[in-house]
Amino acid sequence: MEEFVDFVTEKEPVLPKAPRKRRALSRLSRFLTNKYFIASVGFLGVMLFLDKNDLITTMDRREELQNLNQSKEHYLQELSELRKVKTDLENDPVTIEKLAREKYLMKRENEDIFVTEDKNKSVAASQE
């Protein structure tokens, strides 16, 4: 009994294979000329370099923000120290007397104050 064949197999013509390099270039050129690839590259170019908020501006702003946060921490620490000094000056008479003696050269009735200079500091200042 003969088997039923519903198509006839004919020999297809054998095309010569292109060299590998040429096939790779062909695939690459098809990829590079794809309209979606071109649109994506154009969009990324505009967003990274030509936009108002481009990559360089964003990096500069991030650095500026870090600097501002550091200065904020510094000023908050300084503010807390000044508040502590203020409360000490309002409540502690010993601190008030110490400040008056050191900064304003005040004295008690029966005291004499001798102000001296550090010679090492004056010599270094004159050499500069």
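This briefing describes the helices, surface and charged contacts of one protein model.

The model is predicted, so local features require pLDDT of at least 70 and side-chain atom pairs count only at pLDDT 80 or more, whereas totals for chains, interfaces and linings use all residues. Residues are numbered from 1 along each chain as its sequence is written, and side-chain values use heavy atoms, with hydrogens and water left out. The protein has 5 helices and 0 strands, and its elements run α-α-α-α-α from the N terminus on. Helices (H or I, at least four residues) and strands (E, at least two) are DSSP runs, numbered from the N terminus.

**Overall surface**

- The accessible surface of the protein comes to about 13500 Å², and 57% of this surface belongs to carbon and sulfur atoms. Accessible areas come from the Shrake-Rupley method with a 1.4 Å probe, and for residues only the protein chains shown count as cover.
- Of the 128 residues in the protein, 2% are buried. Buried means under 20% relative accessible area, exposed means over 50%, and partly exposed lies in between (1.4 Å probe, protein chains only).

- Helix H2 covers residues 35-50, and its 16 residues should span 22 Å at 1.5 Å a residue; the end C-alpha atoms are 21 Å apart, which agrees. The expected span of a helix is 1.5 Å times one less than its number of residues.
- At the start of H2, the backbone nitrogen of Tyr-36 has a side-chain oxygen of Asn-34 within 3.2 Å.
- A nonpolar patch on the surface is formed by Phe-43, Leu-44, Val-46, Met-47, Leu-48, Phe-49, Leu-50, Leu-55, Ile-56 and Met-59, which together have about 1000 Å² of accessible area. Patches are made of residues with over 30% relative accessible area and no salt bridge; like charges are joined within 9 Å, and nonpolar side chains (Val, Leu, Ile, Met, Phe, Trp, Tyr) within 5 Å.
- H2 and helix H3 (55-91) each supply at least two residues of the patch, and H2 gives the most, with 7 residues.
- Leu-44 is found in H2 and counts as partly exposed because its relative accessibility is 48%.

**The loop between H2 and H3**

- Asp-54 lies in the loop between H2 and H3.
- Asp-54 is buried yet has no salt bridge, and the nearest side chain of opposite charge, that of Arg-61, is 7.4 Å away. For charge, Lys and Arg count as positive and Asp and Glu as negative, while His and the chain ends are not counted.
- The side chain of Asp-54 is joined to that of Thr-57 by a polar contact of 2.5 Å. A polar contact is a pair of N or O atoms within 3.5 Å; within protein, one must be able to donate a hydrogen and the other to accept it, and residues adjacent in sequence count only if both atoms are side-chain atoms.

**Salt bridges**

- A search of the whole structure finds 5 salt bridges. A salt bridge is a side-chain nitrogen of Lys or Arg within 4 Å of a carboxyl oxygen of Asp or Glu.
- In helix H3, Glu-90 and Lys-86 lie 4 residues apart, about one turn of the helix. Their side chains meet in a salt bridge (3.9 Å, N to O), and Glu-90 and Lys-86 are both exposed.
- In helix H4 (93-104), Arg-101 and Glu-97 are likewise 4 residues apart, about one turn of the helix, and their side chains meet in a salt bridge (3.1 Å, N to O).
- An α-helix has 3.6 residues a turn, so residues three or four places apart point the same way.
- Arg-101 also meets Glu-111 in a salt bridge between side chains (2.9 Å, N to O). This pair links distant parts of the chain, with Arg-101 in H4 and Glu-111 in the loop between H4 and H5, 10 residues apart.
- Glu-97, Arg-101, Arg-108 and Glu-111 are linked in a network of salt bridges.

**Around the end of H4**

- Arg-101 and Ile-113 are 12 residues apart in sequence, and their C-alpha atoms are 9.5 Å apart in space.
- Leu-105 is placed in the loop between H4 and helix H5 (119-127), and at 52% relative accessibility it counts as exposed.
- Although Leu-105 is not a glycine, it has a positive phi of about 55 degrees. Most residues other than glycine have a negative phi.
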